[in-house]
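Have the sequence and the model side by side.

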Amino acid sequence: MSEEKDDIEKILSEFKKQKKSKERSPVLPLEPPKRREEYIDFSKPEEKEKTPNNKPKKRKNTPEESERLKAEKRTKSAQKKEKAKSFFKNLKKSVFNKRNLIILISIAGVVAVAFCIKYAVEQSKGAYLKPYREKYPDTEFQVGMLEKYCDIIGQTPDAVGYIEIPEINLSTAVSADKKMFPNAQSCTDGAEQFNYVVYLNDNSLENIYSSAQAYNNSNGYILYSDLYSDYNFKVVGAFYTNTKAEDDGGYIFPYNVTEEMTPDSEREYISKLESRFIYSTGINITRRDKMLTISCPTNYRKNFRFVVIGILRENTNIKLTAKEKTNIHYQQVIYDETGTDNPYKYAAKWYPEIILTDEEGNEKTVQKTIKDYE
């Protein structure tokens, strides 16, 4: 019992010593943690983490090993060359064997014959022009021109057509030169021509087609050629037109339009054209008709012209009977002189909208104005 008591006293004594020791050295308070900016310098570039280089150092080949590697490379190179040589040798055998060689020669022969035939055909097409080219070396002759006009073209190099009107004893070339007679109205580049317009230098044709009675006594047909084809045109109407805008309220009707027009423009053109005819033949012009327009000087009025309209017809045996019209679209100056009211005074001053096509086949429309026909 006394031993246990001594142990307890010993433990208490030890506890008292520890307590006194803590009282002599008090615990200091903990410091607050540092902010990130206080232990990281952001002005310095970030350093990449260095990793130890664990790659083993490359061992140098011994002279024997180096020689062995070189020998292997030479062997591989020789094998590749031998394979390529063998490939081309086999290709040559397969292509240039007797059978294939015959086939190749046959194909080449067929191609050569085809080219020769094409060349011969082209040459034969233009063979008829050779004597005319020799006879008229300064004149350009195009393949497709009718041979019967070759001498005429040689004598009139700027000829663009040929016209025959037996009733006035006219049979002559038509020139592109406006100073020559007869001459033809040009067609705008890029446009398709639907109306051949020819200008004469006398009023002989007026006596044949200036009234319904005169028309009924006529043949009614005019031959015109563009030098590549011959056309027969049936006369379907005639009218008088002004050439000065002041004679019709500032308007000149563009009867001499040659270019293909937009559908709406062409329909309006035909309507205005037929309203001016001084007699009716019972033929209505359509958009599908190819036309011939002949313009002549006249004594009817100063600065006026007499115009005859024909449409393409192959059958020259058709006989038309003309009838006088009562409702004719005259020029304003005529209504003013006769003191009558102009029923067409509010009609629009129409000018054609033509179609142009470029070399790539793209189409565009162009609106003509009075400046094109003054």
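Predicted model: local features only at pLDDT ≥ 70, side-chain atom pairs only at ≥ 80, totals over all residues.

Now ask how the strands run. E1 and strand E2 (residues 170-175) are antiparallel, and 6 bridges join them. The two strands form a hairpin, with 4 residues between them. Look there for Asn169, which takes a positive phi near 55°.

Go back to Tyr162. Which residue of E5 does Tyr162 stand opposite? That residue is Ser225. Strand E5 (residues 221-225) pairs with E1 over 3 bridges, again in the antiparallel sense.

Next come the charges. Side chains of opposite charge can pair when their charged atoms come close. How many salt bridges does the structure hold? The count is 7. Three of them are worth a visit.

Start with Asp151 and Lys135, whose side chains meet with N and O 3.2 Å apart. Asp151 sits in helix H6 (residues 150-155) and Lys135 in helix H5 (residues 130-135). The pair links parts of the chain that are 16 residues apart. Is Lys135 buried or exposed? Lys135 counts as exposed, because its relative accessibility is 51%. Asp151 is partly exposed, at 29%.

Now move to Glu266 and Arg287. Their side chains form a salt bridge at 3.7 Å, N to O. Glu266 belongs to helix H9 (residues 263-276). Arg287 lies in the loop between strand E7 (279-280) and strand E8 (291-297), so the pair ties together parts 21 residues apart in sequence. Glu266 is buried, with a relative accessible area of 4%. Arg287 is partly exposed, at 38%.

Finish with Arg301 and Glu337. The closest N and O atoms of this salt bridge are 2.7 Å apart. Arg301 is in the loop between E8 and strand E9 (304-312), and Glu337 is in helix H10 (residues 332-338), so this pair ties together parts 36 residues apart in sequence. Glu337 counts as exposed, because its relative accessibility is 52%. Arg301 is partly exposed, with a relative accessible area of 23%.

How values were computed:
Residues numbered from 1 in each chain as written. Heavy atoms only, no water. Salt bridge = Lys/Arg side-chain N within 4 Å of Asp/Glu carboxyl O. Buried < 20%, exposed > 50% of the residue type's maximum accessible area, 1.4 Å probe, protein only. Pairing = 2+ DSSP bridges.
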